Amino acid sequence: MSKNDKSAKFRELAKSRVNRAINMIRLIANLGNKAHYDYTSDQAKKIEKALQNEVNNVKVKFNSKKRGTEEFTIWV
């Protein structure tokens with residue numbers, strides 16, 4: 001695969017995946033609506049921490065060869 005092919009593939013996938021991630025984050029943000037959902041501050045903090053950890057993993061991935069694969073669960 002040529003460098004131009006790799007660059008085009010990256011742009012194509014980045015646009016699709018980043019937009020999908022943004023939409024999913026917006027859906028998660030909707031969970032913050034107390035009129036529709038009941039949650040504890042501890043649950044909210046766990047969600048915030050999990051999302052921040054994944055953003056940090058993205059930063060690391062773009063700057064090294066390390067790969068994060070930890071999954072989120074609210075029940076831990």
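Q: How much of the chain counts as buried?
A: Of its 76 residues, 1% count as buried. Keep in mind that this is a predicted model.

Q: What secondary structure does the chain have?
A: Two helices and zero strands. Helix H1 covers 3-30 and helix H2 covers 41-63, with a loop between them.

Q: Which residues make the nonpolar surface patch?
A: Ile 25, Ile 28, Leu 31, Tyr 37 and Leu 51 make a patch of about 400 Å².

Q: Where does Leu 31 sit?
A: Leu 31 is in the loop between H1 and H2.

Q: Is Leu 31 buried, exposed or partly exposed?
A: Leu 31 is partly exposed, with a relative accessible area of 37%. Patch residues need over 30%, so Leu 31 at 37% passes that cut-off.

Q: Which elements give two or more residues to its lining?
A: H1 and H2 do. H2 gives the most, with four residues.

Q: Which residues line that pocket?
A: The lining is made of Ile 28, Ala 29, Leu 31, Gly 32, Tyr 37, Asp 38, Tyr 39, Gln 43, Ala 44, Ile 47, Glu 48 and Ile 74. Ile 28, Leu 31 and Tyr 37 are in this lining, and they are also among the residues of the nonpolar patch.

Q: How do the lining residues divide into nonpolar, polar and charged?
A: Eight are nonpolar, two are polar and two are charged. Asp 38 and Glu 48 are the charged ones, because Asp and Glu count as charged.

Q: New topic. How many salt bridges does the structure hold?
A: One. The side chains of Asp 42 and Lys 46 meet in it, at 3.7 Å from N to O.

Q: Where are Asp 42 and Lys 46 in the fold?
A: Both lie in helix H2, four residues apart, which is about one turn of the helix.

Q: Are Asp 42 and Lys 46 buried, exposed or partly exposed?
A: Asp 42 is partly exposed at 44% relative accessibility. Lys 46 is partly exposed too, with a relative accessible area of 26%. Buried would need under 20% and exposed over 50%, so Asp 42 at 44% and Lys 46 at 26% both fall in between.

Definitions and conventions
Residues are numbered from 1 along each chain as its sequence is written. This is a predicted model: local features need pLDDT of at least 70, side-chain atom pairs count only at pLDDT 80 or more; totals for chains, interfaces and linings use all residues. Side-chain values use heavy atoms; hydrogens and water are left out. Patches are made of residues with over 30% relative accessible area and no salt bridge: like charges are joined within 9 Å, nonpolar side chains (Val, Leu, Ile, Met, Phe, Trp, Tyr) within 5 Å. Accessible areas come from the Shrake-Rupley method with a 1.4 Å probe; for residues, only the protein chains shown count as cover. A salt bridge is a side-chain nitrogen of Lys or Arg within 4 Å of a carboxyl oxygen of Asp or Glu. Buried means under 20% relative accessible area, exposed over 50%, partly exposed in between (1.4 Å probe, protein chains only). On a 1 Å grid over the protein atoms alone, a cavity is a set of points where a 1.4 Å probe fits but cannot get out, and a pocket is an open set with protein on both sides within 12 Å along at least five of seven lines; lining residues have an atom within 4 Å of a point.
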